[in-house]
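Here is my note on the model you sent. Please read it with the structure open beside you.

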Amino acid sequence: MIPSAFDYVAPNSLAEAINFLSAHPDDAKLVAGGHSLIPLMKLRLASPRYLVDLARIPGLKYIREANGTLEIGALTTHYEIESSSLIKERLPALSETAALIGDVQVRNRGTIGGSLAHADPAADYPALILALDSEIVATGPKGQRTIKVSDFFVDLLTTSLKSDEVVTQLRIPIPAAGTGVAYEKFPHPASRYAIVGVAAAVRLNANGTCAQVAIGVTGAGPKATRVAAAESALVGSRLDDTVLRQAATSAAESIEVTGDIHASEEYRRHLVSEFTVRALRRAIERAGR
Ligand SMILES: Cc1cc2nc3c(=O)[nH]c(=O)nc-3n(C[C@H](O)[C@H](O)[C@H](O)COP(=O)(O)OP(=O)(O)OC[C@H]3O[C@@H](n4cnc5c(N)ncnc54)[C@H](O)[C@@H]3O)c2cc1C
């Protein structure tokens, strides 16, 4: 449980951090809250030569609204997201999702940027931000680029970030009026990571049928995913329990699911189905027609 020796670097600006990453593409690792990286280093599953601490870089910790979008700086902690009055007002499902992460120590240290960049298959945010068509801003030597969340998560612990890029911002479009959003998870009893977590965003027509729906699933397979098959089955339908159950079954059958020591593949498929129904039901209630 003792990491390999490393040098600690604490840049005072984003440019300094990016320059350092560019100069050491194979042996430098950023650290933010340290709640995913340090455990890996202690197990020697990661042994970076340099640890580049983002903590002293100004301008990466904020929550604001701009042009109908919530913009969240990469160093914003889970607790700050959970307790933000702006998020509670504009997108309560996001503060509820943050509140379900780990325990209070984890939420006080862990950051949104670290969670996204780490791409843990059992992390909570990915299901919700996929369902809300969010974007991630990455900053590198050539400036900023915006990556759709659906293109960001590539595989287990793998993203489309380049080795000299820093996640600087998450952008979440604030759902249109009349959209209900909910996240439901079955947590691991010790860590609280999602064995399976499902987010749903639902907008209803005036006659009560489904106008628009998005479903994101985390925890089930190597990366979080949208379930297009279930979404298209719901649009245009009246969302009674039979319809929800059918869509949830097709969600569970259509995505890649892995079994591990925490849950077999069969059990996880069952959880995807059950938690899809629960997330949809709560989103429909919130859609309020
Ligand atoms: C006991 C425990 C329980 C947990 N339970 C949950 C849970 O229920 N749900 C959940 O979602 N998560 C859970 N987590 C993970 C937690 O949310 C972490 O805080 C988060 O995954 C990583 O954030 P961090 O800031 O600690 O990142 P770090 O550990 O500092 O970094 C993680 C990775 O991201 C990279 N990185 C960090 N910041 C950036 C950036 N801005 N740009 C590019 N790369 C960056 C690092 O180089 C590293 O590879 C748990 C962790 C612990 C220890």
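## Notes on the model

1. A backbone N or O atom of glycine 34 lies 2.7 Å from an oxygen atom of the ligand. A polar contact here is a pair of N or O atoms within 3.5 Å; within protein, one must be able to donate a hydrogen and the other to accept it, and residues adjacent in sequence count only if both atoms are side-chain atoms. A polar backbone atom of arginine 192 is 2.8 Å from an oxygen atom of the ligand. Lysine 29 uses its side chain: a polar atom there lies 3.2 Å from a ligand oxygen.

2. **How far the ligand is covered.** Which share of the ligand does the protein bury? Taken alone, the ligand exposes 980 Å², and the protein buries 91% of that. Such accessible areas come from the Shrake-Rupley method with a 1.4 Å probe; for residues, only the protein chains shown count as cover.

3. **What kind of model this is.** The model is predicted: local features need pLDDT of at least 70, side-chain atom pairs count only at pLDDT 80 or more, and totals for chains, interfaces and linings use all residues. Residues are numbered from 1 along each chain as its sequence is written, and side-chain values use heavy atoms, with hydrogens and water left out.

4. **The shell around the ligand.** There are 30 residues around the ligand. Leu30, Ala32, Gly34, Thr111 and Asp124 come nearest. A residue is near a molecule or strand if one of its heavy atoms lies within 4 Å of it. By class, the shell has 14 nonpolar, 12 polar and four charged residues. Ala, Val, Leu, Ile, Met, Phe, Trp, Tyr, Cys and Pro count as nonpolar, Asp, Glu, Lys and Arg as charged, and the others, Gly among them, as polar. The largest share, four residues, comes from H7. Helices (H or I, at least four residues) and strands (E, at least two) are DSSP runs, numbered from the N terminus.

5. **The four-stranded sheet.** What is the order of the strands in the open sheet? The order is S11-S12-S13-S14, with antiparallel pairing. Strand S11 (179-187) and strand S14 (225-226) stand at the edges, each with a single partner strand, so one side of each has no neighbour in the sheet. Two strands pair if DSSP finds at least two bridges between them.

6. **S11 with S12.** These strands pair in the antiparallel sense over nine bridges. Threonine 179 has arginine 203 in S12 as its bridge partner. The S11 and S12 hairpin has six residues between the strands, and arginine 192 takes a positive phi near 75° there. Recall that a backbone atom of arginine 192 also lies 2.8 Å from a ligand oxygen.

7. **S12 with S13.** Eight bridges join S12 (residues 194-204) to S13 (residues 210-218), and the two run antiparallel. Leucine 204 stands opposite cysteine 210 in S13. Glycine 197 faces threonine 218 of S13 as its opposite residue. Five residues separate the strands of this hairpin, and glycine 208 in the turn has a positive phi of about 90°. In S12, 10 of the 11 residues are buried, so the strand is largely enclosed by the rest of the structure. Buried means under 20% relative accessible area, exposed over 50%, partly exposed in between (1.4 Å probe, protein chains only).

8. **A second hairpin.** S6 (residues 135-140) and S7 (residues 143-148) pair in the antiparallel sense over six bridges. Two residues lie between them in the hairpin. Alanine 138 stands opposite arginine 145 in S7.

9. **Aromatic pairs.** How many aromatic pairs does the structure hold? It holds four. Rings of Phe, Tyr and Trp (its six-membered ring) pair if their centres lie within 6.5 Å; planes under 30 degrees apart count as stacked, over 60 as edge-to-face and the rest as tilted. Phenylalanine 20 and tyrosine 50 have ring centres 5.1 Å apart and planes at 85°, so the pair is edge-to-face. Phenylalanine 20 is in helix H1 (residues 14-23) and tyrosine 50 in strand S3 (residues 50-53), 30 residues apart. Both are buried.

10. **An aromatic cluster.** Phe186, Tyr267 and Phe275 form one aromatic cluster. Phenylalanine 186 is partly exposed, with a relative accessible area of 29%. Tyrosine 267 also counts as partly exposed, at 35%.
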